[in-house]
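Please read the points alongside the structure shown below.

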Amino acid sequence: KGVIEVSVSASGKVVPAFEEIINSPINSRIVEIYKKGGDSVDVGTPILKLDLLSAETDYKKQLDEEQMKRLQLDQLRIQNRNKLSEMEMQLKVSRMELNRKEVELRNERYLDSLGAGTTDKVRQVELDYNVSVLKLKEDEQKYENEKSLTDADYKVKELDLNIFRKSLAETKRTLEDAQIRSPRKAILTYVNNEVGAQVSQGSRVAIVSDLSHFKIEGEIADTYGDRIAGSKAVVKIGNDKLDGVVSDVTPLSKNGVISFTVQLEEDNHRRLRSGLKTDVYVMNAIKDDVLRISNASFYVGKGEYELFVVNGDQLIKRKVQLGDSNFEYVEVVGGLEPGDEVVVSDMTSFKEKNKLKLK
């Protein structure tokens with residue numbers, strides 16, 4: 001008697017734990033191949049060369065345009081400074097003129113108080129002074145308006161230049177990405193090695209894989225789809241058993257099966273090889289204190305079996321009801337008792353016999 005972690009069997013395949021697809025960032029064509037599939041590559045290792053003549057020409061044009069926009073901004077700053085300087089000078093002249101008219105008005109009032117002047121003359125000078133005051137206020141307002149306008153205009157041009165510079169930086173990055181290099185230390189598992197082939201923007205040109213760590217991609221009947229996510233799994237490779245956890249269950253059923261991934265606790269085990277086929281056992285229930293026998297090739301699922309049981313110096317065929325299983329044990333529902341010895345090896349050559357003698 002003992003515990004059975006009921007499992008469901010599935011098929012699996014060893015794949016790299018990490019793969020990175022390298023896409024072409026531009027529309028171009030392949031002109032040189034530096035590495036082939038299976039080669040080890042380090043960070044920055046060149047893989048292939050794309051035709052970058054057109055892209056480099058466009059980038060140089062953008063550099064010239066950026067310089068032109070920068071010079072235009074400098075030109076606008078100088079023009080604005082000159083315009084405001086002229087207006088400041090005009091304001092100084094207007095203030096001096098107003099001061100002169102203020103003195104003239106004071107003198108006329110003084111002469112009028114002595115009887116040496118005329119009321120009309122005083123009124124004329126006073127009106128002239130008031131007009132100059134209003135004119136100065138108008139000029140000062142124009143100056144402030146012009147200053148705000150030139151500041152806003154300069155900021156718009158400066159923002160336009162900054163946006164263009166960001167676009168230029170993006171073009172530069174795209175051009176650098178077009179130098180197809182490995183993004184990390186890995187194995188080159190695929191490369192488009194057709195020299196002269198046209199590649200469109202976003203199309204795959206290479207794949208690099210980390211072949212020091214692996215995971216298992218499995219397939220199982222879709223009837224178990226809602227019960228396996230997060231479940232414990234055991235992967236058998238020969239006589240080795242690797243523990244893991246089910247993740248990334250694909251909800252879409254295809255031909256009655258769904259896909260899932262097993263993340264291994266020991267993902268760098270010596271037996272792991274990319275593409276290797278494996279048996280996967282996904283645990284979906286636990287049964288405590290059940291009668292159990294070893295799992296072997298005789299077991300094909302729940303039901304009634306005819307098994308040979310040791311009885312003294314003989315083997316007697318007995319009908320046995322078997323239930324759930326895992327990769328190690330099969331649950332005995334009926335027909336056997338604790339302590340019985342049961343033949344679990346292949347006995348198909350004796351299927352017509354009900355009794356065998358033990359030597």
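1. The structure discussed here is a predicted model.

2. The aromatic pairs. A pair of aromatic rings is described by the distance of the centres and the angle of the planes. The model holds 2 aromatic pairs.

3. The aromatic cluster. Phe-298, Tyr-299 and Tyr-305 belong to one aromatic cluster. Is Phe-298 buried or exposed? Phe-298 has a relative accessible area of 16% and is therefore buried, given that buried means under 20%. Tyr-305 is likewise classed as buried, at 12% relative accessibility. For Tyr-299 the relative accessible area is 15%, which again means buried.

4. The setting of Tyr-299. This residue deserves a separate point. Tyr-299 lies in the loop between β12 (292-294) and β13. Which residues does Tyr-299 contact, leaving aside its neighbours within four places in sequence? They are Tyr-305, Leu-322, Gly-323, Asp-324, Ser-325 and Val-330. A polar atom of the Tyr-299 side chain is 3.4 Å from the backbone nitrogen of Lys-302. Ala-285, which is 14 residues from Tyr-299 in sequence, is 19 Å from Tyr-299 in space, C-alpha to C-alpha.

5. Strands β13 and β14. Strand β13 covers residues 303-311 and strand β14 covers residues 314-325; the two run antiparallel and are joined by 9 bridges. Within this pairing, Phe-308 is opposite Lys-317 of β14. The two strands form a hairpin with 2 residues between them, where Gly-312 adopts a positive phi near 70°.

6. Further partners of β14. How many bridges pair β14 with strand β15? There are 3, and the pairing with β15 (residues 329-334) is antiparallel. Ser-325 has Val-330 in β15 as its bridge partner. Between β14 and β15, which form a hairpin, there are 3 residues. Strand β16 (residues 355-357) also runs antiparallel to β14, with 3 bridges joining them. In that pairing, Ile-316 is bridged to Lys-355 of β16.

7. The open sheet. A sheet of 3 strands, with antiparallel pairing, is open and has the order β4-β2-β6.

8. The pairings of β2. Strand β2 (residues 28-33) pairs with β6 in the antiparallel sense over 2 bridges. Ser-28 has Val-199 in β6 as its bridge partner, and Arg-29 is opposite Gln-198 in β6. With β4, strand β2 is joined by 3 bridges, again in the antiparallel sense. Here Ile-30 has Leu-50 of β4 as its bridge partner.

9. Gln-62 and its contacts. Gln-62 belongs to helix α1 (residues 53-114). The relative accessible area of Gln-62 is 18%, so this residue counts as buried. Apart from neighbours within four places in sequence, Gln-62 is in contact with Phe-164, Ser-167, Leu-168 and Thr-171.

10. Charged side chains over rings. Phe-164, one of the residues in contact with Gln-62, also has Lys-69 over the face of its ring, at 5.6 Å from the ring centre. A second case involves Arg-292, whose charged end sits over the ring of Tyr-329 at 3.8 Å from its centre. The residue range of β12 is 292-294 and that of β15 is 329-334, which places Arg-292 and Tyr-329 in these strands.

Conventions:
Residues are numbered from 1 along each chain as its sequence is written. This is a predicted model: local features need pLDDT of at least 70, side-chain atom pairs count only at pLDDT 80 or more; totals for chains, interfaces and linings use all residues. Side-chain values use heavy atoms; hydrogens and water are left out. Rings of Phe, Tyr and Trp (its six-membered ring) pair if their centres lie within 6.5 Å; planes under 30 degrees apart count as stacked, over 60 as edge-to-face and the rest as tilted. Buried means under 20% relative accessible area, exposed over 50%, partly exposed in between (1.4 Å probe, protein chains only). A charge sits over a ring if NZ of Lys or CZ of Arg is within 6 Å of the ring centre and within 35 degrees of the ring normal. Two strands pair if DSSP finds at least two bridges between them. Helices (H or I, at least four residues) and strands (E, at least two) are DSSP runs, numbered from the N terminus. Contact means heavy atoms within 4.5 Å. A polar contact is a pair of N or O atoms within 3.5 Å; within protein, one must be able to donate a hydrogen and the other to accept it, and residues adjacent in sequence count only if both atoms are side-chain atoms.
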